[in-house]
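Please read the points below with the model open beside you, and look up each residue as it is named.

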Amino acid sequence: MVPTIRRLWRSDKAETSSHDSDAPSSETDSVKSAPKNIGLFSATAMGVSLMIGSGIFSTPASILRLVGTPAMTLILWGLGAIISYGGATAFIELGLMYRKNGGTMRFLAHGFPRPKIIFAYLFAWVMVMCIRPGAIAANGPVIGKYWLYAAGASHTDGWQARGVGFGCITFVTAINIFSAKWSLRLINLLTVVKIIVLLIIVISGIVAAAGGINIEKNDNWSRGFTGTSKDAHSYASALTKVFWAYDGFTNLVYSLGELRKPERNLPWSIGGSVVIVGFLYIMANVAFFFVVPLDVAINSEEILAAEFTYRVFGHSVGRVALPVFIGLSVLGAICAQTYGVSRLLDSANEVGFVPYGHRICGNNKKLGTPVYSLVIMYGLTMIYLLAPPPGKVFDLLVDFVQWSTWLFYGLTAAGAIVLRFTKPQHSLRSFKSFHPLNILFIIFCIYITIFPFVPPKGGSTDAPYPYYLSPLLGVITTVAGLVPWYFRMVWWPKKSGVDLVAWVKEEADGPVSEDPIKDDSLELDTKA
């Protein structure tokens with residue numbers, strides 16, 4: 001395995017060197033390209049690194065509590081892999097058609113251009129204002145919980161965990177500010193760590209099942225579906241957490257302008273990341289519930305993986321070493337999230353969404369990184385990290401950011417189907433997704449945006465907040481974006497005469513210039 005990783009890493013670096021010296025290809029002759037920093041290994045790592053974040057280590061216990069039995073949790077994890085792959089194929093098709101930074105924002109603009117690319121604007125709004133900063137804020141304390149557990153702390157939650165998260169998020173932001181290449185190297189390194197940690201869990205679970213490790217026997221798998229929940233709200237909440245763990249296969253599309261050889265690298269990296277992660281997730285759940293008794297698993301909350309490693313490896317390795325590496329795995333997710341969302345904010349400025357955008361967006365001339373975009377995202381993340389009161393903040397933030405996430409992911413997959421009919425001869429469509437899988441993906445996106453509002457069986461949950469609060473916050477945040485959308489995309493063009501949707505028509509059938517939208521009244525164009 002190590003020689004293979006080393007060979008891929010060297011190939012990635014070799015592509016960078018060759019690209020720096022090559023003349024522009026025919027694909028980009030007419031396009032002022034972004035620096036091509038991302039090869040196949042880094043592209044795959046961006047997806048794997050974000051998917052294997054806190055989700056697989058922090059949500060299995062919550063999912064088990066919601067659905068009742070390990071057998072049903074395994075079905076949900078498998079279903080999540082299939083559905084995510086169906087969505088991933090839509091993003092691959094669209095990514096090859098529109099190969100610029102911005103990803104989902106651009107896909108929605110082309111799939112649903114009327115009225116005034118409203119879905120693209122609202123997606124950029126919620127992605128920058130809540131989805132990414134909320135997700136990073138949710139991941140930060142998870143690192144703290146695992147590292148405090150490794151340190152033997154009696155309390156692994158509350159402000160101590162948030163303090164560790166604060167330090168980790170600050171470190172990652174600083175790395176992203178000072179070097180894009182070192183940010184990618186850190187993502188690559190931590191991706192290798194993630195895969196090794198999950199492989200250790202999977203292999204040790206298999207050895208334990210075969211009797212090679214002396215552990216306490218339990219009836220988690222022999223009980224089958226006895227005790228499985230029949231509550232629709234519980235399944236909606238459980239699927240929200242499953243898809244939280246699979247969310248990440250889209251991360252690369254926000255940096256498509258930096259991807260080399262997209263015809264090869266995009267399908268292999270996005271599709272491959274879902275397959276790799278799906279297999280590891282399913283096998284990790286088998287291992288978790290073979291080793292950890294049901295009652296202990298349910299009460300372990302976000303540190304189920306640490307409970308597993310302690311029971312399998314004992315104190316030194318299981319309680320100290322592996323939880324440290326699990327924390328590093330979550331750190332890798334924060335690295336990938338931070339890298340991707342700063343590029344989205346720059347892309348939103350490029351198409352004219354951000355007033356006075358040249359002052360806060362774009363790469364710093366000296367560092368070559370989007371410094372102000374990263375600082376803005378850091379500030380928003382700190383609000384989500386530090387403002388909520390102590391308690392079940394993780395579950396609240398996960399459910400909050402997931403509502404808007406899967407609403408727009410479902411719309412994007414629908415856009416891929418629409419564009420197959422409205423743009424059947426698109427010059428860059430070199431990959432076609434499978435529509436039945438796209439439709440399955442859309443159906444489940446609808447399910448997890450509607451059913452969280454269905455009252456749970458018995459009318460209440462054990463959460464310290466109403467069951468509808470998280471999705472309601474998602475709705476409110478999304479709808480709030482209609483106000484800036486109206487003033488920016490409807491009122492301002494009428495007043496100034498600036499066409500902020502012309503770029504959609506210009507790049508509809510192929511590559512065009514990446515010059516930002518010019519809006520002299522708001523000083524949006526950057527002067528050479």
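**Notes on the predicted model**

1. Of the 528 residues in the chain, 60% count as buried, where buried means under 20% relative accessible area, exposed means over 50%, and partly exposed lies in between (1.4 Å probe, protein chains only). This is a predicted model, in which local features need pLDDT of at least 70 and side-chain atom pairs count only at pLDDT 80 or more, while totals for chains, interfaces and linings use all residues. Residues are numbered from 1 along each chain as its sequence is written, and side-chain values use heavy atoms, with hydrogens and water left out.

2. The chain has 19 helices and zero strands; helices (H or I, at least four residues) and strands (E, at least two) are DSSP runs, numbered from the N terminus. Among contacts between residues at least 6 apart in sequence, 83% join residues at least 24 apart, a contact being heavy atoms within 4.5 Å. The chain exposes about 20600 Å², and carbon and sulfur atoms supply 65% of this area, as computed by the Shrake-Rupley method with a 1.4 Å probe, where for residues only the protein chains shown count as cover.

3. Why is helix α4 described as largely enclosed by the rest of the structure? The reason is that seven of the eight residues of α4 (residues 60-67) are buried, and these are Pro60, Ala61, Ser62, Ile63, Leu64, Leu66 and Val67. Just after α4 comes Gly68, which takes a positive phi of about 100 degrees.

4. Ile117 counts as buried, at 1% relative accessibility. Elsewhere, Lys261, in the loop between α10 (232-246) and α11 (262-291), also has a positive phi, of about 45 degrees, although it is not a glycine.

5. Side chains of opposite charge can pair when their charged atoms come close. A search of the whole structure finds six salt bridges, each being a side-chain nitrogen of Lys or Arg within 4 Å of a carboxyl oxygen of Asp or Glu. In one of them the side chains of Glu93 and Arg429 meet, at 3.0 Å from N to O. Because Glu93 lies in helix α5 (residues 70-97) and Arg429 in the loop between α15 and α16, this pair ties together parts that are 336 residues apart in sequence. Glu93 is buried at 0% relative accessibility, and Arg429 is buried with a relative accessible area of 11%. Glu93, Arg420 and Arg429 are linked in a network of salt bridges.

6. Another salt bridge joins the side chains of Arg106 and Glu350, at 2.7 Å from N to O. Arg106 lies in helix α6 and Glu350 in helix α13 (residues 304-350), so the pair ties together parts that are 244 residues apart in sequence. Both Arg106 and Glu350 are buried.

7. On the surface, Phe453, Tyr468, Leu472, Leu473 and Ile476 form a nonpolar patch with about 400 Å² of accessible area together. Patches are made of residues with over 30% relative accessible area and no salt bridge, with like charges joined within 9 Å and nonpolar side chains (Val, Leu, Ile, Met, Phe, Trp, Tyr) within 5 Å. Phe453 is found in the loop between α16 (435-450) and α17 (469-480), and at 32% relative accessibility this residue counts as partly exposed.
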